[in-house]
Amino acid sequence: MTVTAGAVTQLLIDGRLALGGGGAFPTINPATEELLGTAADGDAADMGRAIDAARAAFDETDWSRDVALRVHCLRQLRDALNADIERLRDITVAEVGAPLRLTQSGHLQGPINDLAFPADTAESYPWRVDLGVAEPLGVPTRRTLVREPFGVVGAITPWNFPHQVTFAKLGPALAAGNTVVLKPAPDTPWCAAEVGRIIADKTDFPPGVVNIVTSSDHRLGAMLAEDPRVDVVSFTGSTATGRSVMAAASQTIKKVFLELGGKSAFVVLDDADLVAACTRAAFAVTTHAGQGCALTTRLVVPRSRYDEAISAVVEAMAQIPVGDPRDPNVLCGPLISARQRDRVQGYLDLALEEGGTFACGGGRPSGAGFFIEPTVISGLTNDARVAREEIFGPVLVVLAYDGDADAVRIANDSPYGLSGTVFGADPERVAWIVARLRTGTINVNGGQWYSPDVPFGGYKQSGIGREMGLAGFEEYLETKAIAEAVN
């Protein structure tokens, strides 16, 4: 690893790197349980200064009106991140426990290169739209619609895919002309702090446009939701915390974007290639040890093929490489922390209490690291808690259905609606299922929705709004209507 053991990172506030008012706090390698080093521990005063800086940069500079500067800075950031990609990769594997192979796609390289999309969008976006002349109330009037940034965006990001979520927020928010205060999760401060160092040292972002406050104190995120100087709060995390963010933001009626939890269903029709479907389901639920909100964690199969499906998915699970995330073959690494590992173990214990059976896995492997065995749970119905609540580990619950309508009922019988998958040979049946699933994204027969131009978000308690795509860009824009009298 190229990162010096015992290193201390810094905050980015008003264009300058600084130590935290709260001192420093540790960051741990989840694969070894060893101390990596420490991160600057921002306090309430630091967060207040960051919000002040973002407010001043929006109100007192031309950042919000200078599209060319914004495009230049985002492309410069993308290039600077790519120039330092190996250092970023080392940090991501060590601090997040992200498998090395995944840093070549959704954990690092993909999100960096995806910064091109908001930059290109800003460059070509119709910031002013002429609606022409009409005579509302008998007055000849030329009408113009203008899209403008909201102001200061408070971005609160999780630990599971820190780079993907950070850039999915920073890219469109900045391209749209907002300024940002980023509060990353305490579990992965180095990932965010390294981005701050690169912004400070290698880009032309004006002071205060991007501020990054790492902290061990979760309450600093609440400051962003509560503070009247912040115009938008963009949060990715658990549904429970999302409710708190929404309640706090309501006091100042600020715009809220929420990307929350999921319990997505993988529906296999009776005419599908069962082995192919089960193999993909095993791959999905073990990717990054199941620590993804959109991963399919319920495998919904025909009752007539239930035993066959259990055998197929267990066989596929046995082929999933598990272990040291530095190993280029590994797909399933550690959970982020001892707390998260114990939380997942609690759900495994609950599965047995609810009458479930472990078709494979169900415990912790020996040795260091916060690992959980890839697990398949059989014998439960969709009213079991382990089939309804987000576990955030490599745990797949296999559920039986009777007929296509019942498959839809089970898939939709969830407080969440983030993602889903359908496998089947008959296009009409597949289309019938897809049209009835209440979820924001759906993969069909191995297709993949994830792309910078595709909006991502969920129905029901999986969130409000969309991230990425044109819809994600426009989440950070206000609409102003201008009516000018025509003589």
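Is F456 buried or exposed, and at what relative accessibility?

Author: F456 counts as buried, at 9% relative accessibility, where buried means under 20% relative accessible area, exposed over 50% and partly exposed in between, with a 1.4 Å probe and protein chains only. Please keep in mind that this is a predicted model, in which local features need pLDDT of at least 70 and side-chain atom pairs count only at pLDDT 80 or more, while totals for chains, interfaces and linings use all residues. Residues are numbered from 1 along each chain as its sequence is written, and side-chain values use heavy atoms, with hydrogens and water left out.

The structure holds 8 aromatic pairs, a pair being two rings of Phe, Tyr or Trp (its six-membered ring) with centres within 6.5 Å, called stacked if the planes are under 30 degrees apart, edge-to-face if over 60 and tilted otherwise. One of them joins W449 to Y450 in an edge-to-face arrangement, with 6.1 Å from centre to centre and 65° between the planes. W449 is buried, with a relative accessibility of 14%, whereas Y450 is partly exposed, its relative accessible area being 28%. W449 also pairs with F456, and here the centres are 4.9 Å apart and the planes at 5°, so this pair is stacked. W449 thus takes part in an edge-to-face pair with Y450 and in a stacked pair with F456. A further set of rings, those of Y125, W127 and F473, forms one aromatic cluster.

Across residues 24–482 the end C-alpha atoms lie 50 Å apart, and the span is 39% helix and 21% strand, where helices (H or I, at least four residues) and strands (E, at least two) are DSSP runs numbered from the N terminus.

The lining of the largest cavity divides into 11 nonpolar, 3 polar and 1 charged residues, and its largest share, 4 residues, comes from α6. Ala, Val, Leu, Ile, Met, Phe, Trp, Tyr, Cys and Pro count as nonpolar, Asp, Glu, Lys and Arg as charged, and the others, Gly among them, as polar.
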